[in-house]
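Here are a few notes to read alongside the model. Have it open as you go.

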Amino acid sequence: MSGVNYSEKIPNNVNLVSDRTLQRALEHWQPHFIDWWKGMGPSDFQSADVYLRTAISVDAQGWAHYGVTKMPDYRWGIFLADPQAERKIGFGDQMGQPVWQQVPGEYRSTLRRLIVTQGDTEPASVEQQRLLGHTCPSLYDLRNLFQINVEEGRHLWAMVYLLHAYFGRDGREEAEELLARHSGDADKPRILTTFNEPISDWLSLFCFTYFTDRDGKYQLKSLAESAFDPLSRTCRFMLTEEAHHMFVGETGLGRVVKRTLEVMKEIGTDDPAKVRAAGAVDLQTLQKYLNFWCSSSLDLFGNEISSNSAANFANGLKGRPDESQYDDHVLREKTLLMATPQGEQTVPVLNALNEVMRESYLKDCEIGLKRWNRQIERAGHAFRLTLPSSRFRRTIGTWAGQPVDPQGKMLGKEEYEKRLNEWIPSASDRAFVHSLMQKVTTPGKIAGWVAPPDRGINNLPVEYEYVKLH
Ligand SMILES: [Fe+2]
Ligand SMILES: [Fe+2]
């Protein structure tokens, strides 16, 4: 089952060759995807030789092959994790019944919507990041960016396969639409707001991969619980690749902190203006970037109180991440006390699942902050990085539009507006960060605002020429 047929146009472990109609439909979509990649993918590096990993199986040992390839020649394939024998629905009102190999008619449009919404984020992030190659801090970082980009492309393939294989003509139309919407486009934007925010500097990229790809992890984990087995198996394998994207974010931000602390030591002061003048990102500015991307990503979990997520759970379409760690999988009895701007409310847990997911996401986000704060503490500084309150700068849910500061304190509207630039990057903060973004492409060299990584990719040295430019 894990074997991949690489002699076919589309590498896959779903026995595509046995379904000629499906194979032809996907082979018809493939050139549209390549056109999209060339037009909307990384700008200007299509002829570079990049050291990339490619999924070649779904075996936990050795699922990836590393080698040099030009990005348009990347082998984007369709891989589903191996089926679990006798898998049963693990939550909701149909708990314990066999999982579905086909889409039940009554859930067809909801499942299609879930898949399209997930699928839309994958090419969106490639579009958001398409200009970053021009300001890469090193060849190592450039390669990591491209690795993420090609894998988001593969994640699009993963969702398009489901649409083609299980949703007939509607699915094929949705697959075309996934290439027609574009990040930030005035007429046809991507579905979710965060995926229309431009990512024009590498500090934002590190924040995006730390916070937004982590939202991706939580979405994939909850879809991996789905009773629709092909969706579950697809998402389980996507999570394997997703781990690297968050690694780029966590180590990237850690390297920024490390470099800033080195510079503070060299110049003998923690004065933000002097740190900036010495070419590093002051910790106060880093905090603003964390506030911006964390709050933006928190919106992706949706409304605190949601009858849609209740129905998706009850019907077995979308579970909680790591569903098996909970003891109640039906949630027909439980309630929860929720703080809203109007006071505390008792809400059925079933209707508060977005909030449950958001809370566990925030706990996961804390892990990196603890590590970076230890670095800061060891360097003898009192400053600590924090996550903003989940009520700060929300545009969705009960806290949407509320004038709350990053500590969660309610302010007057006027004070909030006046002080917002203290909490998220102002135009001049962004201009400063942009001024640091100088392209470095000499093997082994690195930009001055970020420390080198501890080690290279796949046991290669940090100085290895990960991208050969022509
Ligand atoms: Fe992805
Ligand atoms: Fe990702």
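The points below cover a metal site and the helices around it.

1. First, the ground rules. This is a predicted model, where local features need pLDDT of at least 70, side-chain atom pairs count only at pLDDT 80 or more, and totals for chains, interfaces and linings use all residues. Residues are numbered from 1 along each chain as its sequence is written, chains are lettered from A and ligands numbered from 1 in the order written, and side-chain values use heavy atoms, leaving out hydrogens and water.

2. Start with the iron ion (ligand 1): Glu122 (OE), Glu152 (OE) and His155 (ND1) coordinate it at 2.1 to 2.2 Å. Donors here are N, O and S atoms within 2.8 Å of the metal (3.2 Å for Na, K and Ca), and the site may look incomplete as water is not among the atoms. Glu152 also coordinates the iron ion (ligand 2), with the two ions 3.5 Å apart.

3. Glu152 and His155 sit about one helical turn apart, because they are three residues apart in helix α3 (residues 139–166). Helices are DSSP runs (H or I, at least four residues), numbered from the N terminus.

4. Glu152 is buried, at 3% relative accessibility, and His155 is buried at 0%. Buried means under 20% relative accessible area (1.4 Å probe, protein chains only).

5. Asn149 is in helix α3 too, and is buried at 0% relative accessibility. Leaving aside residues up to four places away in sequence, Asn149 touches Trp37, Pro42, Val126 and Gln129; contact means heavy atoms within 4.5 Å.

Technical notes:
Helices (H or I, at least four residues) and strands (E, at least two) are DSSP runs, numbered from the N terminus. Buried means under 20% relative accessible area, exposed over 50%, partly exposed in between (1.4 Å probe, protein chains only).
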